[in-house]
Amino acid sequence: MASPTAALTDGDLKIVSRESALSARTRAIAAFGAASLLVLTGSAHAADTPAKPPETSVLSLDTGGPMPAAQAALAFDHADLAFKIIPDRKAIEGTATLTFTAKAPLDKLVLDFDRIYAIRALTIDGKVLPSKAWSNPEGRLSITLPRRLAKGRSVAVAISYDGVPHEAKKAPWDGGFMWSKTETGEPWIATAVQGEGCDLFWPCIDYPTGEPKLVDLHITVPAPLVAPANGVFLGMTEKDGWRTYNWRAKTPNTYAIALDVGPYEEMTATYESRYGDSFPMSFWHLKSRTEPAKTLFAEFTPMLDFYEQMIGPYPFRDEKMGVVETPHLGMEHQTINAYGNEYKKDVYGFDWLLQHEFAHEWFGNQLTDTDNDDMWLHEGFGSYMQPLYSQWLHGDMEYMARLNTMRGDIKNKSPIVSGKQLKEDDVYNADRGPGNDIYYKAANVLHTLRTLIGDEAFFKATRLIVYGRDDPKPGNFTPRYAGTKDFIKIVNEVTGKDYRWFFDVYLYEPAPPELIETQEGGDLLLRWKTSKDKPFPMPIEVKVGAKLVILPMADGAGRVAVGDAIPVIVDPASKVLRRQPYVEQWQAWKKAKDDAAKAEAEAKKKAEEAAKAAKP
Ligand SMILES: [Zn+2]
């Protein structure tokens, strides 16, 4: 998804970090309020379900962390998901038919699923299971199988349910369902659940590695609304004022499965690839926004050209490149990317939001991290693609300018990678983990890596982590999982050198390396200072008058004779990310200024409210 502070530039939307897990409880109470509506509106409740559905648990609002053994023992073969979306009641009815193969003998099936839903029926291989055979007290649905499932055997579980799904507060950063309306009053509905997970609307394995091999979607909506979705369109049927849209997608990321419903019009064209084949591009935009949509649609082809040239083949070319206009900013929903940047014009000449979310088709959907701890592989590469695209389009000034803007937002409070299995919130929430540093610091780290090992090695390593091979061509790769350690191994193999020192300092320590400069006679002495005195043999360039000197810094230190040369510039081409005290001073000044402005605005608001209350 887009970084939370990216939205800071878009008017007055102030989101500094994702809400903490504590505030998840508050969110859950809001969901409970909505859920009780279901009862008031007279939806049928079976006698064995409670009158008031329980609130969404913290477990459901989280995603990731260590996976339960019973889930690790499942291979997820197929998910057939039928949803009926009822805008009037902000409710859904669903039937999920899930097929698994056991990787170890199993007595129970354990699935993540929001407990707010009333389960109406549950079958195993077509046979109805009594309600005492399952329970879902905490958002983890535990199903006792009628008989032990042997290793290598498959099982199909079908779950019919209904309820009022958890509503998003600030999608995509605090996600769930968005029941929005267009300017003309039609329902405009979206889901965005990266932070919370698939379990907010269907029973699933809510971990990065919980991808089903194949998903069929049947999305029923009031006619004449349109429901574009992941993968390939398999047709629409209409009956009694309801339309059902059928879609099929291969290996979608678990949080990439999304519902998008609205009065959409489809804009479509064929992309002719440099690989000699072609595939469809589609943009579902609101009917009322055809003109700006045309301008954005014209950006699809050059963006595809850039990614196919610089990274490799578009991974989902046997399905489509798809984008849908959403009431939230954006999300990397596989083959149906969410776009909500309002067609803003940009000084860089392209829509950064579309370009960022589209990056995730490579970094997120083709390559999926093995754990949330490796999320910088999605967001760092995903963010580096905007400067890289600027460079590809217009040259170095815009490449550097973008990286420098990102540098101003680096926090250096938590390491980008912790080496532990993490929940999504432990990574994206800046109060608990690296937050934005997985975007902006990681993008600057990738820039530094590129200058260190050179373009040939950098892009080869990138292809290897994304595709698992150096010669990706349409048809010779499938989506894959990988983590930080895999990337380090690849960089070492590609370069034939050991670059662990680079990643040890940039990814596994919060503080960036600092270059200590001292003078000795006519010499400039440079020394790398790192956390825990970790070795850091990062070469550094120094411009001495008109001459460029490269210091190898093999033992972390170097010396260059400068005499009275003017100017003396350390790292004149801005190749190396390092601590810059003046950036920190600016950040502290800006924070104080922003805090004061916020306090002033709050005080003003309070005074106005008090004055209003005092009026007779
Ligand atoms: Zn992103």
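**Reading a predicted model**

Biologist: How is Glu138 classed at 47% relative accessibility: buried, partly exposed or exposed?

Modeller: Glu138 counts as partly exposed at 47% relative accessibility. Buried means under 20% relative accessible area, exposed means over 50%, and partly exposed lies in between, with a 1.4 Å probe and protein chains only. This is a predicted model, in which local features need pLDDT of at least 70 and side-chain atom pairs count only at pLDDT 80 or more, while totals for chains, interfaces and linings use all residues. Residues are numbered from 1 along each chain as its sequence is written, and side-chain values use heavy atoms, with hydrogens and water left out.

Biologist: With which residue does Glu138 form a salt bridge?

Modeller: Side chains of opposite charge can pair when their charged atoms come close. A salt bridge is counted when a side-chain nitrogen of Lys or Arg is within 4 Å of a carboxyl oxygen of Asp or Glu. Glu138 pairs with Arg115, and their closest N and O atoms are 3.9 Å apart. Glu138 lies in the loop between E6 and E7, and Arg115 in the loop between E3 and strand E4 (118–124), so the pair ties together parts that are 23 residues apart in sequence. Arg115 is buried, with a relative accessible area of 18%.

Biologist: How many salt bridges does the structure hold?

Modeller: The structure holds 33 salt bridges. Among them is the pair of Arg432 and Asp426, with closest N and O atoms 2.7 Å apart. Arg432 counts as partly exposed at 42% relative accessibility, whereas Asp426 is buried, at 17%. Glu183, Arg289 and Glu325 are linked in a network of salt bridges.

Biologist: What is the order of the strands in the open sheet of three?

Modeller: Helices (H or I, at least four residues) and strands (E, at least two) are DSSP runs, numbered from the N terminus. Two strands pair if DSSP finds at least two bridges between them. The order in this open sheet is E3-E7-E6, with antiparallel pairing. Strand E3 (106–112) and strand E6 (134–135) stand at the edges with a single partner strand each, so one side of each is left without a neighbour in the sheet. Six bridges join E3 to strand E7 (residues 140–149), and Leu109 stands opposite Ile143 in E7.

Biologist: Which strands form a hairpin with two residues between them?

Modeller: The hairpin is formed by E22 and E23, and Gly521 in the turn has a positive phi of about 60 degrees. Seven bridges join strand E22 (residues 514–520) to strand E23 (residues 523–529), and the two run antiparallel. Arg527 in E23 is the bridge partner of Ile516.

Biologist: Which residues coordinate the zinc ion?

Modeller: Donors are N, O and S atoms within 2.8 Å of the metal (3.2 Å for Na, K and Ca); water is not among the atoms, so sites may look incomplete. The zinc ion is coordinated by Met1 (N), Met1 (O), His356 (NE2), His360 (NE2) and Glu379 (OE), at 2.0 to 2.7 Å. Met1 lies in the segment before helix H1 (21–40) and His356 in helix H6 (residues 352–359), so the pair ties together parts that are 355 residues apart in sequence. Both Met1 and His356 are buried.

Biologist: What does Ser383 touch, not counting residues up to four places away in sequence?

Modeller: Contact means heavy atoms within 4.5 Å. On that basis, Ser383 touches His356, Met406, Tyr439 and Ala443. Ser383 has its place in helix H7 (residues 376–394) and counts as buried at 2% relative accessibility.
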